[in-house]
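Visitor: I am new to reading protein models. Could you walk me through a few features?

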Amino acid sequence: MARVRLAGAARLARWADAALGPGRAGATADGKATLSDATAARAAVDLGLSVARIRADWDTARLAGLVEVHGDSARPGWRLRAWDRDDSAVLRGWVALFDAWSLAFPEPDGFEPAAVAEVVSAMPQVLSLLQLSAGPVPVEQLLDLLRQRVTELRTERCEIAYETGPGQPAGTPRPADPAPAANAPLAPLLDWALRALASVGALTYGDGQATLTPLGSWAVWVKLEQICVAAQSPAGNIEQSAEDMLRGCAQLRPNAARAEYRAWLAARPVGGAVTELIGAARGDDALLRGLAFEALRVVGAPAEPDVRGVVEEPALRPYALLWLAEHDGIDPEDAHEVLTREEATWLWVDTAAAVADHGEAPMLVRHLESAVQPTVPQLLDEVRAVGHPRTVQVLVALAAAHPDPALAKAVRRAAFQVHTGG
């Protein structure tokens, strides 16, 4: 259903990518994929559609994230790149359109922005009623609920003026004059909201009743589930920054940590959350680097552009390559094969640094067995060559932890050589 609903927008986005991209024949004069009048007319001819249909599909493509507009230029969104291979990208694109329903259909004239904003704020409760009803609901019943919710919103704002009137002692509160929004009739605004939601495919509307489509019912259920997940943050880190949340998860078992990641992610926009997690991964704490990418695994496909964007950063490259390999369907046990020997060694040192900072000595000794090098002398040679900033500290900690005196001596010697530049 989502693919069908967004088919026109996806087709136009692909056309724009192919026909208007910089360097392509027939691109616009400034080399940017802008939807000028000339571009809209050209698209209409190429695709056999009206200009009005082209502009409507373009607006849908923007709202669904199939194209990203930056100033006077546009570029394909990550969802368009993942469209054919990733169903979750399609569903997320439709949910983005669903979230923007109030922008997808022109609002009625003659209403104060505050009145429209009240209705938009109240619609989640209306949608919840439709979802729980699992069938047609009379518009009059929805209107009653809308009135109740709008009244609650106004009460929560406590719009009371403290003025002195005849016969009133100073400071006696009396209601202020009603704002224009308070006098706005809600029936036309509810009609607009239901038409807008119908235009994005969330519900059907007619004959005095409204019914969620299966796609709309699924979307509302997902929203309710996110609220429940966010309310059940097992370790109570939901309001923390990414770095503090990851530190709070460091001592949790993997399943509990993933539940915490899900709760933390459910409480904030995906884009900002991904940016925060990558920022935490760039820090000095190697443990947080590993945990950040575990949280990014919970994010899934929406994190792909940002993860690809850090592949060239030496500190994040091995983590990003492993994440991308698993995202592309490679078994996690085989994903390490995408790393070069040097990248695998760098990751081994980084993980050893996390163990040295936060783990126990036996864990560091066991970590030695996970190295890709078959012998300790070969490992030490390659560790010294890889240039990780924590190499000396890792080797010193390993020498102190290892029970074999001869091996510990060799590791200490390697640490000294790295420290002195030998």
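Visitor: At what angle do helix 18 and helix 20 pack?

Guide: A note on the source: this is a predicted model, where local features need pLDDT of at least 70, side-chain atom pairs count only at pLDDT 80 or more, and totals for chains, interfaces and linings use all residues. Residues are numbered from 1 along each chain as its sequence is written, and side-chain values use heavy atoms, leaving out hydrogens and water. Helices are DSSP runs (H or I, at least four residues), numbered from the N terminus. Axes are lines fitted to C-alpha atoms over the stretch in contact, and angles run from 0 to 180 degrees between N-to-C directions. Here, helix 18 (residues 341-358) packs against helix 20 (residues 376-386) at about 90 degrees, with axes 9 Å apart.

Visitor: Is Trp-94 buried or exposed?

Guide: Buried means under 20% relative accessible area, exposed over 50%, and partly exposed in between (1.4 Å probe, protein chains only). Trp-94 is buried, at 0%. Trp-94 lies in helix 6 (residues 87-99).

Visitor: How far apart are the C-alpha atoms of Trp-94 and Ala-2?

Guide: They are separated by 6.0 Å, though Trp-94 and Ala-2 are 92 residues apart along the chain. The side chain of Trp-94 also reaches the backbone oxygen of Val-200 at 2.8 Å.

Terms used
Helix = DSSP H or I, 4+ residues; strand = E, 2+ residues; numbered from the N terminus. Polar contact = N/O pair within 3.5 Å; in protein donor to acceptor, adjacent residues only side chain to side chain.
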